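Here is a short tour for anyone meeting this structure for the first time. Take a look, then read on.

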Amino acid sequence: MEIGIDSFVATAPDPVTGVILKPEERIHNLLQEIELADRSGVDVFGIGEHHRPEYQDSAPAVLLAAAAARTNRIRLSSAVIVLSAADPVRVFQEFATLDLLSMGRADLVVGRGSFVEAYPLFGLDLEHYDSLFDEKLRLLLTIRDNIHVHWSGRHRPELTGQAIYPRPYQKELPVWVGVGGTPQSFVRAGTLGLPLMVAIIGGQPQRFRQLVDLYRSAGERAGHPPEKLKVGIHCLGYIADSSDQAADDFFPGYARAFTEIGKERGWPPTTRAQFDVLRGPAGALLVGDPETVARKISYFSDALGGVARLSFQMSVAALPHEKVLRSIELLGSKVIPLLRN
């Protein structure tokens, strides 16, 4: 299992002090985090894409390129690119360039986005939410497999044999499909034989088993070998020297973030009791000391029939930079060795 970290480069107020980092400070801290993850043995670092004031990740390929110049071994991934609102030609060019810069360490995780602000920003109609993604994903895969592309569709001008450069360092640029809880999304990824990245941010991971099985069965029916049907999960998590400390550090920012999102989506305010259930043995939060978190990761993998990659999302809690760095150290020095031994 690969273990990674995902960041949305949040600049939300510190839940204790109320201080908001300047964008340039937050991006500087992000690069320090990625450098430390590289040195600590973390396998992959992903950067999301949002177009909201509290996140500084609207140009993930640029941030990942900066990280490529400062790291040696860690894989660099999107988490996720909102492909529905992007041009697949440009996305491929950006990540092929990243792959060349990093000598073959780039991954693409693409999805439709959990927020919808990108659609009106780029002049797109939300009525086409799914068809935009389906069409653009298939175009992206066509570009990956062909230098000269002949293609036509509903949402983009046709391509009539144009050559698309540069080509990546890797023979085949990895493309993962990021999904939430829509069965059709799991089936599509399986049918195309693409690795799956499941966002699990609440509830119990076990409830996704049926959807993961649906993905694997769709892939098998389409003739893809089992080893090609990899499952990854993106989870909220944080590690500290003790579980009590981890919970006390993480909860204030987590509660603030989900209470604010809840105002948009009709959720009630987040409580400490709800949080404590979610960080319990069967809940979705990976918050605790290294031994607790390692055991829970193993449980997640067993519950979903085997997981190839798990990525922590820590930035939702607006933690102080030094606490994030300590968490990354513990992930690399304690959690990963426990899992591998």
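Let's start with methionine 103, which sits in the loop between α3 (88–101) and β5 (106–111); helices (H or I, at least four residues) and strands (E, at least two) are DSSP runs, numbered from the N terminus. Methionine 103 is not a glycine, yet its phi is positive, about 60 degrees. With a relative accessible area of 53%, methionine 103 is exposed (buried means under 20% relative accessible area, exposed over 50%, partly exposed in between, with a 1.4 Å probe and protein chains only). Valine 9, in the loop between β1 (2–7) and α1, also has a positive phi, near 55 degrees. Is valine 9 buried or exposed? At 0% relative accessibility, valine 9 counts as buried.

Two peptide bonds deserve a look as well. The bond from alanine 79 to valine 80 is cis, with omega near 0 degrees, and valine 80 belongs to the loop between β3 (75–78) and β4 (81–82). The bond from tyrosine 165 to proline 166 is cis too, again with omega near 0 degrees; proline 166 is in the loop between β7 (159–163) and β8 (175–179). As background, most residues other than glycine have a negative phi, and most peptide bonds are trans.

## About the model

This is a predicted model, where local features need pLDDT of at least 70 and side-chain atom pairs count only at pLDDT 80 or more, while totals for chains, interfaces and linings use all residues. Residues are numbered from 1 along each chain as its sequence is written, and side-chain values use heavy atoms, leaving out hydrogens and water.

## The nonpolar core

The largest nonpolar core has 96 residues (a nonpolar core is a set of buried Ala, Val, Leu, Ile, Met, Phe, Trp, Tyr and Cys residues joined through side-chain atoms within 4.5 Å). Helix α8 (residues 243–265) gives the most to this core, with 8 residues. Which residues have the most contacts inside the core? They are Leu137, Phe250 and Phe312. Leaving aside residues up to four places away in sequence, leucine 137 touches Leu83, Val110, Val175, Val177, Arg188, Leu192 and Leu194, where contact means heavy atoms within 4.5 Å.

Now for phenylalanine 186, which lies in helix α6 (residues 183–192) and is buried, with a relative accessible area of 0%. Beyond residues up to four places away in sequence, its contacts include Val179, Leu196, Phe208 and Leu211. Phenylalanine 186 and leucine 211 are 25 residues apart along the chain, but their C-alpha atoms are separated by 6.6 Å.

## Two helix pairs

Helix α1 (residues 23–40) packs against helix α2 (residues 60–68) at an angle of about 50 degrees, with axes 10 Å apart; axes are lines fitted to C-alpha atoms, for helices over the stretch in contact, and angles run from 0 to 180 degrees between N-to-C directions. Ile27, Leu30, Leu31 and Ile34 in α1 meet Leu63, Ala66 and Ala67 in α2. By class, that contact of α1 with α2 has 7 nonpolar, no polar and no charged residues (Ala, Val, Leu, Ile, Met, Phe, Trp, Tyr, Cys and Pro count as nonpolar, Asp, Glu, Lys and Arg as charged, and the others, Gly among them, as polar).

Further along, the axes of helix α10 (residues 290–303) and helix α11 (residues 321–340) come within 9 Å and cross at roughly 50 degrees. Among the α10 residues at this contact are Pro290, Val293 and Ile297, and α11 residues there include Leu330, Lys334 and Leu338. The contact of α10 with α11 divides into 8 nonpolar, 1 polar and 2 charged residues.
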